[in-house]
Amino acid sequence: MSNVVFQALILILVVRARSHGATPADIGLMFGLYSSSGMVGALIAPRLYRRLNPKAVAIVTTWIGVALLPLFLLTSNALELGAIDTSCSSSDRSGTS
């Protein structure tokens with residue numbers, strides 16, 4: 001279910017950033033940050049799973065993503081939105097990879 005939430009979040013972020021005046025380049029940078037989180041999550045996940053209980057990793061990383069979601073309400077800056085989304089999705093991806 002968390003994958004659905006974070007994928008829908010991308011569309012919401014684009015609409016929100018655009019409504020606050022983000023340029024296409026800003027939105028592209030947001031997507032670049034988001035995409036980099038996939039790499040970070042993929043690199044972190046194997047190490048976490050070897051050292052920790054996989055169920056615990058999945059639960060903790062999902063809750064980290066959930067805890068970061070309210071930060072989206074505090075900014076309308078495209079780069080800050082991208083950074084928050086990167087943190088949320090990176091923690092989610094490391095727990096579900």
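**View 1. The whole protein chain.** The protein chain exposes about 5,700 Å², and carbon and sulfur atoms supply 71% of this area. Accessible areas come from the Shrake-Rupley method with a 1.4 Å probe, and for residues only the protein chains shown count as cover. This is a predicted model, in which local features need pLDDT of at least 70 and side-chain atom pairs count only at pLDDT 80 or more, while totals for chains, interfaces and linings use all residues. Residues are numbered from 1 along each chain as its sequence is written, and side-chain values use heavy atoms, with hydrogens and water left out. Helices (H or I, at least four residues) and strands (E, at least two) are DSSP runs, numbered from the N terminus. Of the 97 residues in the protein chain, 32% are buried. Buried means under 20% relative accessible area, exposed means over 50%, and partly exposed lies in between (1.4 Å probe, protein chains only). Among contacts (heavy atoms within 4.5 Å) between residues at least 6 apart in sequence, 77% join residues at least 24 apart.

View 2. Helix H3 covers residues 54-68. The expected span of a helix is 1.5 Å times one less than its number of residues. For the 15 residues of H3 this gives 21 Å, which agrees with the 21 Å between its end C-alpha atoms. Val 57, Thr 61 and Gly 65 are buried in H3. Seen down the axis of H3, its buried residues fall within an arc of 60°, so they line one face of the helix. The arc is that of the directions from the helix axis to the C-beta atoms. An α-helix has 3.6 residues a turn, so residues three or four places apart point the same way. On the face of H3 turned away from the buried side are the exposed residues Lys 55, Trp 63 and Ala 67.

**View 3. A nonpolar surface patch.** Ile 59, Trp 63 and Val 66 make a nonpolar surface patch of about 310 Å². Like charges are joined within 9 Å, and nonpolar side chains (Val, Leu, Ile, Met, Phe, Trp, Tyr) within 5 Å. Ile 59 lies in helix H3 and counts as partly exposed because its relative accessibility is 41%.

View 4. Gly 82 and Tyr 34 are 48 residues apart in sequence, yet 6.4 Å apart in space, C-alpha to C-alpha.

View 5. Gly 28 is in helix H2 (residues 24-51) and counts as partly exposed at 39% relative accessibility. Gly 28 and Gly 82 are 54 residues apart in sequence, and their C-alpha atoms are 9.6 Å apart. Tyr 34 and Ser 87 are 53 residues apart along the chain, with 8.4 Å between their C-alpha atoms.

Notes. Patch = residues over 30% accessible without salt bridge, like charges linked within 9 Å, V, L, I, M, F, W, Y side chains within 5 Å. Salt bridge = Lys/Arg side-chain N within 4 Å of Asp/Glu carboxyl O.
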